[in-house]
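Keep the view open beside you as you read.

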Amino acid sequence: MADELLHKVALVTGAASGIGLATSTRLAEAGATICAVDFDGDGAQRVIDSLGAGLAIDADCGDADAVEAAFARCEAELGGPDIAFLNAGIAIGVSDLTALDDATYQRIQRVNVDGVVFGARAAIPRMERRGGGAIVATSSLAGLIPFPPDPIYDGGKHFVVGLIRSLAPTLAPKAITANTVNPGITNTNIIDQATKDFLEDAGFPVMPAQQIADAVFGLVTTGVTGQCWVCQAGREPVPYGFRDVPGPRAVGAEGKRPPVLNADGSAHG
Ligand SMILES: NC(=O)c1ccc[n+]([C@@H]2O[C@H](COP(=O)([O-])OP(=O)(O)OC[C@H]3O[C@@H](n4cnc5c(N)ncnc54)[C@H](O)[C@@H]3O)[C@@H](O)[C@H]2O)c1
């Protein structure tokens, strides 16, 4: 594989398993040095051991101080990051909002929502010092469509889409790109075995995590920004096409709609 990312440092959250593990491997194969961050510290260390180089950090991405400290260590020990893959996340599978207890709500929000904010906030000044960089956050198909089995997960993934799309324009002058990957169902530990069996019996295609890793590699090497790449089994990643919203219309002095004007400026009708 080519060395497109030689001398680049990539910090990956949720690196110990699934999409984070596959992406750490993919970016390392392209020459990047990986800073693997996970609250499964042993798992993060195993990833770095298997890659043969890099830095493993045991950190809870829902803890602002821990995230800031992880980025500070990455900068001090590896010089980066040039790439921040903000990927750690969980699902809770609570479809009935009236059955949602506060602890479960906080448990998901602090990593799926807060973790992306803390990660981006820590990445930006460090990337500026490097002269630029690439932020990719893992949203989900559930960040673009309703997902009734887990509405809090769905809401958090929509947040990630809104956050990253809103950051992209202000980060562009700093030469920092900001994008999301939006995977459909991917074969990782976030999906329980019963669901995997059900999907297999139904003949529903489930993606290998490597497919998301390839999309992340594409996002950090093509220079696009403000995009949300939908990843579905058997397809190339595709940027989601957001529709424009209708613009406002001025309202006349008496609360009436202003006249519709003809092309020459005269009032119509
Ligand atoms: N697998 C899918 O079908 C799918 C689809 C769309 C989006 N996603 C998203 O992909 C991301 C990665 O999930 P995955 O599918 O690879 O699952 P996974 O369970 O295999 O990996 C998640 C990793 O995140 C780590 N993690 C969880 N909470 C953490 C915390 N607070 N601090 C630090 N590390 C933490 C876990 O230890 C684990 O290593 C998640 O954001 C998930 O929502 C997954």
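In what order do the strands of the open sheet stand? Before we get there, a word on what you are looking at. This is a predicted model, in which local features need pLDDT of at least 70 and side-chain atom pairs count only at pLDDT 80 or more, while totals for chains, interfaces and linings use all residues. Residues are numbered from 1 along each chain as its sequence is written.

Now to the sheet: its 8 strands follow the order β3-β2-β1-β4-β5-β6-β7-β8, with mixed pairing. β3 (55-58) and β8 (238-239) are the edge strands, each having a single partner strand, so one side of each lacks a neighbour in the sheet. Pairing here requires that DSSP finds at least two bridges between two strands. Strands of a sheet pair through backbone hydrogen bonds, either parallel or antiparallel. Altogether the chain has 7 helices and 8 strands; helices (H or I, at least four residues) and strands (E, at least two) are DSSP runs, numbered from the N terminus.

Let's look at β4 (83-86). On one flank, β4 pairs with strand β1 (residues 9-13) in the parallel sense over 3 bridges, and Val12 has Phe85 of β4 as its bridge partner. β4 also runs parallel to β5, joined to it by 4 bridges, with Ala84 opposite Ile135 of β5. To get from β4 to β5, the chain passes through helix α4 (residues 102-130) in a right-handed β-α-β crossover; right-handed means that, with the strands pointing away from the viewer, the path from the first strand over the helix to the second runs clockwise.

Which way do the residues of β4 point? Ile83 and Phe85 point one way, Ala84 and Leu86 the other, and all are buried. In a regular strand the side chains alternate between the two faces of the sheet. A residue is called buried if 20 or more other C-beta atoms lie within 10 Å of its own, exposed if 12 or fewer, and partly exposed in between, with C-beta atoms placed from the backbone. Further along, β5 and β6 pair in the parallel sense over 6 bridges, and Thr138 stands opposite Val181 in β6.

Helix α7 (residues 209-222) is our next stop. Buried residues of α7 include Ala209, Ile212, Val216, Phe217 and Val220. Among the elements that cover the buried residues of α7 are α1 (18-29), β5 (133-138) and β7 (228-231). Thr222, also in α7, is exposed, because 12 other C-beta atoms lie within 10 Å. Just after α7, Gly223 takes a positive phi of about 85°.

Finally, turn to the ligand. Of the 27 residues around the ligand, Gly14, Ser17, Gly18, Gly89 and Thr188 come nearest; a residue counts as near if its C-beta atom, placed from the backbone, lies within 6 Å. The largest share of this shell, 3 residues, comes from α1.

Stepping back, the C-alpha trace of the chain spans about 75 × 45 × 40 Å along its principal axes. Buried residues make up 41% of the 269 residues in the chain.

Notes. Contact = placed C-beta atoms within 7 Å.
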